[in-house]
Amino acid sequence: MKVIMIGTERRLYEEGSGSRTRIIAYGSLVEELHVIVLTKKSDNYQQTKISHNVTLYPTQSRSKLLYPFDAAKMGAHFRGKAISLVSAQDPFESGLAAFLLSRKIGSRLHLQVHTDFLSPYFKRESVINWFRVILGRFLLKQADCIRVVSQRIVDSIMEDGIVLKQEPVVLPIYVDVDIFLRREHGTFLKRRYPQFETTILMVNRLEREKNVLLAFRAFEKIVKQFPKTGLVVVGSGSQRTRLENFVKKKNIADRIAFEGWQDNTAPYYQSATIFLSTSNYEGYGVSLVEAAASHLPIVTTDIGIARELLGEDGVFIGEVGRIDSIARELERALQDPERREGYANRAQERMKNYLLDTDEYFNRYKDAWEKCL
């Protein structure tokens with residue numbers, strides 16, 4: 001089997017990166033793996049062979065709007081190579097590129113869906129997302145097969161009335177949780193912030209869809225009741241300045257710490273009291289898995305795998321976009337250490353039973369491709 005994958009992951013060009021290691025592993029499943037990376041000409045990426053059968057091809061586009069069309073132009077390069085499958089990492093720009101290319105070279109079309117793009121919150125976020133929803137609905141109908149990362153996405157597709165050619169393959173995101181299971185850094189946050197007797201942790205990009213501002217507003221409501229509680233935020237993004245200005249305005253800057261991006265988040269998970277996520281939507285939720293693996297009680301909006309994997313007796317679930325709801329769940333978690341412990345135990349056990357080991361994951365990934373042929 002010869003496969004073309006299309007996506008936007010620039011870290012494939014970094015030697016030793018997790019992205020490159022993973023794509024080389026995918027290459028071991030097939031005869032040839034050709035990876036088209038949607039890039040701008042100014043990025044200065046070049047065609048690069050990263051293993052004996054895996055090659056990267058940058059589109060070198062003059063504009064992001066040209067990504068799908070520049071990828072499709074590469075069809076001339078692959079015509080006659082007997083490509084079995086063209087797979088895209090999303091049903092949007094990458095998906096359109098895969099659709100056009102698959103039609104040009106006569107290959108099967110495989111789409112992956114990692115986010116719950118049919119959530120109403122996704123469409124409301126931007127005009128671009130509004131167009132992506134329209135595009136995603138169209139492309140899913142054209143795909144010969146699709147892979148989704150959670151049952152939540154399957155349910156969203158069914159509820160939307162999208163008719164697929166094949167039943168979706170549910171294959172969770174692979175997460176290596178070994179480092180989170182070790183519990184080696186139990187005092188890390190206590191040493192960094194001795195003024196906090198209790199620490200709430202957030203680990204996510206500081207972007208609109210993560211709705212960290214909702215977390216801050218909920219925290220503001222409960223902080224007087226729990227005056228020795230602090231909130232530590234790990235992550236970076238375009239919303240950081242706005243968030244920093246908010247905490248200064250509300251006089252809670254001494255209770256909220258911004259840690260920025262961290263390559264190793266395990267010490268944070270393993271030394272916090274509660275994990276908090278207030279995203280508007282998620283297809284999966286890697287941070288929820290990492291928190292569960294770390295035996296960390298979780299307060300979260302009803303997103304991704306929260307209900308599907310962890311269950312209502314394994315996680316404190318609040319309503320998306322509702323400050324009072326999240327504040328109430330935080331209060332429940334902070335007031336009841338025994339319940340927190342029980343939830344953390346159940347979430348960790350369910351997580352262990354849910355996740356696939358490395359060999360099984362890659363076998364199921366290959367099966368998902370072969371099902372398309």
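**Entry 1: loop residues with positive phi**

I began with Gln-60, which at 29% relative accessibility counts as partly exposed, because that value falls between the 20% limit for buried and the 50% limit for exposed. The model I am reading is a predicted one, and I keep that in mind for everything noted below.

I then turned to Ala-82, which is not a glycine either and has a positive phi of about 55 degrees. Ala-82 belongs to the loop between helix 3 (75-78) and strand 5 (85-88). Is Ala-82 buried or exposed? I found a relative accessibility of 59%, so Ala-82 counts as exposed.

**Entry 2: Leu-12**

I next looked up Leu-12, which is placed in the loop between strand 1 (2-7) and helix 1 (18-27). With a relative accessible area of 5%, Leu-12 is buried, since buried means under 20%. Setting aside neighbours within four places in sequence, I listed the contacts of Leu-12 as Ser-19, Arg-20, Ile-23, Val-35, Val-37 and Leu-56. For Val-37, which is 25 residues from Leu-12 along the chain, I read a C-alpha separation of 8.7 Å.

**Entry 3: His-110**

Where does His-110 lie? I located His-110 in strand 6 (residues 108-113), and its relative accessible area of 2% makes it buried. I looked for a polar partner and found that the side chain of His-110 makes a polar contact with the side chain of Ser-87, at 2.7 Å. Not counting residues up to four places away in sequence, His-110 also touches several other stretches of the chain, among them Leu-85, Val-86 and Ala-88, then Cys-145, Ile-146 and Arg-147, and finally Ala-368, Trp-369 and Cys-372.

**Entry 4: helix 10 against helix 15**

I moved on to helix 10 (residues 212-222), which is mostly covered, with eight of its eleven residues buried. I wrote these down as Val-212, Leu-213, Leu-214, Ala-215, Phe-216, Ala-218, Phe-219 and Ile-222. Helix 10 packs with helix 15 (residues 323-335) at an angle of about 55 degrees, and their axes are 8 Å apart. The two helices are therefore oblique to each other, and helix 10 passes helix 15 in a right-handed crossing.

Which residues meet here? From helix 10 I noted Leu-214, Arg-217, Ala-218, Lys-221 and Ile-222, and from helix 15 Ile-323, Asp-324, Ile-326, Ala-327, Leu-330 and Leu-334. Sorted by class, this contact has eight nonpolar, no polar and three charged residues.

**Entry 5: helix 15 against helix 16**

Last, I followed helix 15 to its packing with helix 16 (residues 337-354), where the angle is about 100 degrees and the axes are 5 Å apart. Helix 15 and helix 16 are therefore roughly perpendicular to each other. On the side of helix 15 the contact is made by Arg-332, Ala-333, Leu-334 and Gln-335, and on the side of helix 16 by Pro-337, Arg-339, Arg-340 and Tyr-343. By class I recorded four nonpolar, one polar and three charged residues in this contact. I also noted that Leu-334 is named in the contact of helix 15 with helix 10 and again in that of helix 15 with helix 16.

How values were computed:
Residues numbered from 1 in each chain as written. Predicted model: local features only at pLDDT ≥ 70, side-chain atom pairs only at ≥ 80, totals over all residues. Heavy atoms only, no water. Helix = DSSP H or I, 4+ residues; strand = E, 2+ residues; numbered from the N terminus. Buried < 20%, exposed > 50% of the residue type's maximum accessible area, 1.4 Å probe, protein only. Polar contact = N/O pair within 3.5 Å; in protein donor to acceptor, adjacent residues only side chain to side chain. Contact = heavy atoms within 4.5 Å. Axes fitted to C-alpha atoms, helices over the stretch in contact; angles between N-to-C directions. Parallel < 35°, antiparallel > 145°, perpendicular 65-115°, else oblique. Left-handed = near helix turned anticlockwise from the far one by under 90°. Nonpolar A, V, L, I, M, F, W, Y, C, P; charged D, E, K, R; others polar.
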